[in-house]
Amino acid sequence: MTGSTLMSLVTALMSLWGFPLGQAYMFVDLSHVQNMTTLYWPGVPTFNRTIVAAGTSANGIWIEVGAFSSGEHGGTHIDVPRHFIENGMDLKDFPLERTVAEGVVIDCSAEAERNADYAVTKEKIEQWEEKHGRIPNEAAVLFRFGYAKKFWEPEKYLNTQQLDDATTYHFPSVSLEAVKWLVKSRNLKMIGMDVPSPDPPTDLTYPVHRLVLPLNIMIMENVNIVPSLPPRNFRLHAAPIRIENGTGVQTRIYAMLYERMNDGSPRLSSPLFVSFVVCLSLVSAVVKIISQ
Ligand SMILES: [Zn+2]
């Protein structure tokens, strides 16, 4: 078999399996920038960065080194079990396989626009499924309230004039009933939203946090859920750094879109069909070689 015959065979096979040959995935960044003005909960130290050294060394090479400090829960970040469980699982031990999942976005921006205290219901999720299909098992479910665009205007983001008093905050949330249903019926793996918490700011019993964190379900908060993110057909990534005893941390959350599925092109991945094409390609390659 010549090199080019082998290559074309491999290429044909890989495209049948849905590998994006010569076609890059589209990445969508879902993280807000961390800087001195990034929003943190009152009382939590905000993000601070200083320059340790910056300049040209004796041999003419530019070197810059910075240092930063911050609380664990500010801006786009994730929560792990230790946030609500004494000596619970920390960032060091949080399993990597719990940081990647098939993603879906449930758009609740119309409801949130009408009511700043809106809480997503189970019925809302069922309506989404009627329109977009079943939420995959072990998915990362994102709730889009249309709040990401207000992130840099904290008075609008938190619906208050008293930023130092969290009891005055208002933002949409996800009802305990809806999350319970996702956990029980869809084996929820990760949950995220474009507001500071899945729980309403007025409920200091934190029902959703206390339901999901003991189950190793990661919470993603202040996610920059841009309108261009499709309702499904993407993979969500949110791998945090491994801080010993860490309860949460700023995380680069992003989506990889399955463009081949989005553009409607067929995915021929039936094992029977693939086997048929493999046999056919091998036979034609052999015939080609013999007839040479
Ligand atoms: Zn948090």
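N222 is found in the loop between strand 10 (218-221) and strand 11; strands here are DSSP runs of E with at least two residues, helices are runs of H or I with at least four, and both are numbered from the N terminus. Phi of N222 is near 55°, a positive value in a residue other than glycine. Is N222 buried or exposed? N222 is buried, because 27 other C-beta atoms lie within 10 Å. The term buried requires 20 or more other C-beta atoms within 10 Å of the residue's own, exposed means 12 or fewer, and partly exposed is in between, with C-beta atoms placed from the backbone.

Before I continue, a word on the model. It is a predicted model, in which local features need pLDDT of at least 70 and side-chain atom pairs count only at pLDDT 80 or more, while totals for chains, interfaces and linings use all residues. Residues are numbered from 1 along each chain as its sequence is written.

N159 is partly exposed, because 17 other C-beta atoms lie within 10 Å of it.

Let me turn to the overall content. The secondary structure of the protein comes to eight helices and 13 strands. Of the 292 residues in the protein, 30% are buried. Two residues are in contact if their C-beta atoms, placed from the backbone, lie within 7 Å. Among contacts between residues at least 6 apart in sequence, 76% join residues at least 24 apart.

Nine strands form an open sheet in the order 1-13-11-5-7-9-10-4-12, and the pairing is mixed. Its edges are strand 1 (26-29) and strand 12 (248-250), each of which pairs on one side only. From one strand to the next, the twist averages 25°; axes are lines fitted to C-alpha atoms, for helices over the stretch in contact, and angles run from 0 to 180 degrees between N-to-C directions. Two strands count as paired if DSSP finds at least two bridges between them. Strands of a sheet pair through backbone hydrogen bonds, either parallel or antiparallel. Strand 5 (residues 100-107) and strand 7 run parallel, joined by six bridges, and E102 stands opposite A139 in strand 7.

The largest one has 54 residues, and V141, L142 and M190 have the most contacts inside it. Strand 7 (residues 139-144) gives the most to this core, with five residues. Leaving aside residues up to four places away in sequence, M190 touches A101, A140, I217, M218, M220, L236 and A238.

Helix 5 (residues 176-186) has A178, V179 and L182 among its residues, and these three are buried. They lie on the same side of helix 5 because they cover an arc of only 95° around the axis, the arc being that of the directions from the helix axis to the C-beta atoms. An α-helix has 3.6 residues a turn, so residues three or four places apart point the same way. The buried residues of helix 5 pack against several elements, including helix 3 (122-132), strand 7 and strand 9 (190-193). Helix 5 is followed by N187, whose phi is positive, near 50°.

Strand 3 (residues 62-69) is hardly covered: the count of buried residues among its eight residues is zero. Eight bridges join it to strand 2 (residues 48-56), and the two strands run antiparallel. R49 stands opposite F68 in strand 3. In the hairpin of these two strands, which has five residues between them, G60 takes a positive phi near 80°.

Finally, two loop residues. I241 is found in the loop between strand 11 (234-237) and strand 12, and I241 is exposed because 11 other C-beta atoms lie within 10 Å. Its C-alpha is 9.8 Å from that of F94, although I241 and F94 are 147 residues apart in sequence. S31 is found in the loop between strand 1 and strand 2. Not counting residues up to four places away in sequence, S31 touches T76, N224, R252 and I253.

Technical notes:
Core = buried A, V, L, I, M, F, W, Y, C linked by C-beta atoms within 7 Å.
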